Amino acid sequence: MNCETAQSLLFRERVPLASFSTLRIGGTAHVLATPNSVDDFISVRRFANQRGLPIYVIGKGSNLLIDDGLIKAVVCRFGADFSYARITGDVVTAGAAMPMPKLAKICMHHGASGYEWMAGVPGTVGAAVAINAGTHDGCIRDQLLTATVMARNGSISCKPVSDLQLRYRGSRILDTGACVLEATFRLTTSACPAAIRETMRAYMAERQRKFPLGLANCGSVFKRPDAGEGPYCGQLIEAAGLKALQRGDAEISERHANFIVNRGHASADDVRWLVDTMRDRVFQATGVLLERELRYLPHDHKPAFA
Ligand SMILES: Cc1cc2nc3c(=O)[nH]c(=O)nc-3n(C[C@H](O)[C@H](O)[C@H](O)COP(=O)(O)OP(=O)(O)OC[C@H]3O[C@@H](n4cnc5c(N)ncnc54)[C@H](O)[C@@H]3O)c2cc1C
């Protein structure tokens, strides 16, 4: 492959982003970069620095509201070569772009329990580590051993989980705008794959019943209060009488009030209006101030390398 072809695979200009978000909303990236190696990623950093552009890293866009209009930045999405899982002894090493449901399946085949909950979380390992994604039945912190991260200054290091300050839907990685390249997880292979498969099926069936999975959505809009121990957001939003409230094609889901769905051509503005309304009306009704889980791009993002 010549240098020009390699460059054109790595960088694309003026790329519509809606198809990179599960909400199917988003404007146009000035540049979309798809690195397939750490060297590529270093080139992306150099490219952005030379042009004075910020870098925003995205995964599957399943927790993301991307602004309408032009995103004047290099939006970076790790390519297929970052979607790997390698097993060595009792450790599994996964690349940043590895989908969580795929990792869950690999662990199942090895009889490793503790990953079942990942089956229904449609994001990538990189984002999941940064967010400390999880459900009632577990979270990333439970199995994570290390994460290899690139800090905003470009230095790469492998950090033990104790250095990452993982908390309910957050971490030091997210706070500092660092980027996860790879992570290692404990693989305790003592369970029966068929039993794990059954648990995963049950989780999926429950999600199918509870969540509006047939429509474009972005998972939970708000974090459960009190670090996941407080009242359920869906119940608070429903009690505030907001189920089915619409703005444009954006709607608070009938099925689960902590979900917003896109019924066709919703804009980021429509979704933000609904999110603000949910927060304000729940606060007026209950005194509980909900904190957003859904991340706004670019608003909530420290440019990876300014
Ligand atoms: C139907 C549905 C159900 C869901 N259920 C759950 C659930 O049960 N539990 C849960 O926790 N989440 C859930 N989610 C939300 C979402 O799947 C998770 O938050 C997931 O971890 C986001 O991964 P992503 O790859 O889509 O990240 P994106 O949405 O693309 O990005 C999310 C954030 O992570 C950052 N990021 C992305 N990649 C990296 C990286 N390599 N390094 C550092 N930061 C990075 C981005 O900058 C952004 O701030 C659900 C979403 C949907 C649509």
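**Helix 3 and its setting**

Guide: Helix 3 is followed by Gly111, whose phi is positive, near 70 degrees. The model is predicted: local features need pLDDT of at least 70, side-chain atom pairs count only at pLDDT 80 or more, and totals for chains, interfaces and linings use all residues. Residues are numbered from 1 along each chain as its sequence is written. Helices (H or I, at least four residues) and strands (E, at least two) are DSSP runs, numbered from the N terminus.

Helix 3 spans residues 100–109, and its buried residues are Met100, Leu103, Ala104, Cys107 and Met108 (buried: 20 or more other C-beta atoms within 10 Å of a residue's own; exposed: 12 or fewer; partly exposed: in between; C-beta atoms placed from the backbone). They lie on the same side of helix 3, because they cover an arc of only 140 degrees around the axis, taken from the directions from the helix axis to the C-beta atoms. The cover over these buried residues includes strand 6 (85–88), strand 7 (91–95), helix 4 (125–131) and helix 7 (193–210), where contact requires C-beta atoms, placed from the backbone, within 7 Å.

Of these covering elements, helix 4 leads on to the ligand: with five residues, helix 4 gives the most to the shell around it. In total, 32 residues surround the ligand, the closest being Gly59, Gly123, Gly126, Ala127 and Gly219 (near: C-beta atom, placed from the backbone, within 6 Å). Two or more residues of that shell come from each of strand 3 (55–58), helix 4, strand 8 (134–135) and strand 12 (179–186).

How values were computed: Two residues are in contact if their C-beta atoms, placed from the backbone, lie within 7 Å.
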